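Let's take a friendly walk through a protein model, one stop at a time. Keep the picture open beside you and look for each residue as it comes up.

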Amino acid sequence: MLIIIKFFAILSFFAFFFLFVRIISTSVIAKKLKGETSVFEKIWTKYCDDIKAFNSKIFKIKLKEKIIPYFYILAVNFVGFIVLLITKTAIMWIFFIFLLYFFPRFVLNNIQKRRTTKVEKQLVSALIFLGNALKAGLDIIQGIELSLESLEPPIRDEFAQILKEYNLGVSLEDALVSMRERLKSSPIDTFVTSLIIQRETGGDVTKIIEQIVQTVRETYKLQNKVKTLTAQGKIQSIIVSSLPWCMGGLIFAIQPDFMLPMFKTTIGTTLLGFLVIWQFIGILVIKKITTIDV
């Protein structure tokens, strides 16, 4: 019975691999004949961009940009192969394949999120400096230049980028829109949209900035309240998702022979695969429930 299960598992793997390769090749060739870009090419391009950005921010390996994605693929698969030899189970190699794709984007998103949070916290102070400069008779560009002396990174870097683009001939509105697209933050969006509308329709810019400051402060209060109310659900998701692995590691440390069949048998690796999939689905559901846009 066990031999039959292994046979069908191997057969299913090769059938799935063949079907997957055929779908990719057919899609790419069909789109090439039409002069279009296939979905898989877009995924590969996006993945290469993520790897290059990941390397520039984390590892900073000095190689040609075209080589970096392939070097990363070889490095991760080499580690996965070593783990495969140690554990003698293919599930760990599959885990490293998923890690290969999702880990760089996960790290970059966290870096971007932390940077955006810092910018949001510094926004009120920056707007106060800008409002005081406008009250002194300066225009917006001069106010931004003056604010750079009193601000700290990363919002100083964003204001400096606005000035750089403006000095290169880009309109102030387009420079502000570029900042909004880089940060993708609700308070920044409020600031940029209000300033663009003011420049198109007119009005007292100092009063508009004061109103933006008040709006951003109220938004912060509401966000903190939402974080407090959803903190329990997030903690529960962390505990529930980590409990099986902690218990499995504890049992493995106390009685290894009891846990080894889970890693060395087909049924055990299959159960581990289902465990990872269902845990991933559960985490996504909990995250969806506890995430409230303000």
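Is Val226 buried or exposed? Please remember, as you look, that this is a predicted model. Val226 has a relative accessible area of 16%. Buried means under 20% relative accessible area, so Val226 is buried. You will find Val226 in helix α9. From there, look across to Thr291: this residue is 65 residues away along the chain, yet the C-alpha atoms of Val226 and Thr291 are separated by 9.0 Å.

Let's stay with helix α9, which covers residues 205-254. Thr206 is found in this helix, and with a relative accessible area of 14% Thr206 is buried too. Which residues does Thr206 touch, leaving aside those up to four places away in sequence? They are Gly131, Leu134 and Lys135.

Lys135 also takes part in a salt bridge: its side chain meets that of Glu210, at 2.9 Å from N to O. This pair links distant parts of the chain, since Lys135 is in helix α4 (residues 90-135) and Glu210 is in helix α9, 75 residues apart. Lys135 counts as exposed at 53% relative accessibility, while Glu210 is partly exposed at 43%.

How many salt bridges does a search of the whole structure find? The search finds 6. Another one of them joins the side chains of Arg182 and Glu165, at 3.6 Å from N to O. Arg182 lies in helix α7 (residues 172-183) and Glu165 in helix α6 (residues 155-167), so this pair ties together parts that are 17 residues apart in sequence. Here Glu165 is buried, with a relative accessible area of 14%, whereas Arg182 is partly exposed at 31%. A further salt bridge brings together the side chains of Arg180 and Asp189, at 3.4 Å from N to O. Salt bridges that share partners also join Arg115, Glu158, Glu165 and Arg182 into one network.

Now turn to helix α5, residues 140-147. Its buried residues are Ile140, Ile141, Gly143, Ile144 and Ser147. Why are they on the same side of α5? They cover an arc of only 160° around the axis, so they share one side. In general, an α-helix has 3.6 residues a turn, so residues three or four places apart point the same way. At the start of α5, a side-chain oxygen of Asp139 reaches to within 3.4 Å of the backbone nitrogen of Ile141.

Our last stop is on the surface. Phe280 sits in helix α11 (residues 266-290) and counts as exposed, at 51% relative accessibility. Phe280 is one of the residues of a nonpolar patch, which also includes Trp278 and Leu284 and has about 850 Å² of accessible area together.

Note on methods:
Residues numbered from 1 in each chain as written. Predicted model: local features only at pLDDT ≥ 70, side-chain atom pairs only at ≥ 80, totals over all residues. Heavy atoms only, no water. Patch = residues over 30% accessible without salt bridge, like charges linked within 9 Å, V, L, I, M, F, W, Y side chains within 5 Å. Areas by Shrake-Rupley, 256 points an atom, 1.4 Å probe, with all protein chains shown as cover. Salt bridge = Lys/Arg side-chain N within 4 Å of Asp/Glu carboxyl O. Helix = DSSP H or I, 4+ residues; strand = E, 2+ residues; numbered from the N terminus. Buried < 20%, exposed > 50% of the residue type's maximum accessible area, 1.4 Å probe, protein only. Arc of directions from axis to C-beta. Polar contact = N/O pair within 3.5 Å; in protein donor to acceptor, adjacent residues only side chain to side chain. Contact = heavy atoms within 4.5 Å.
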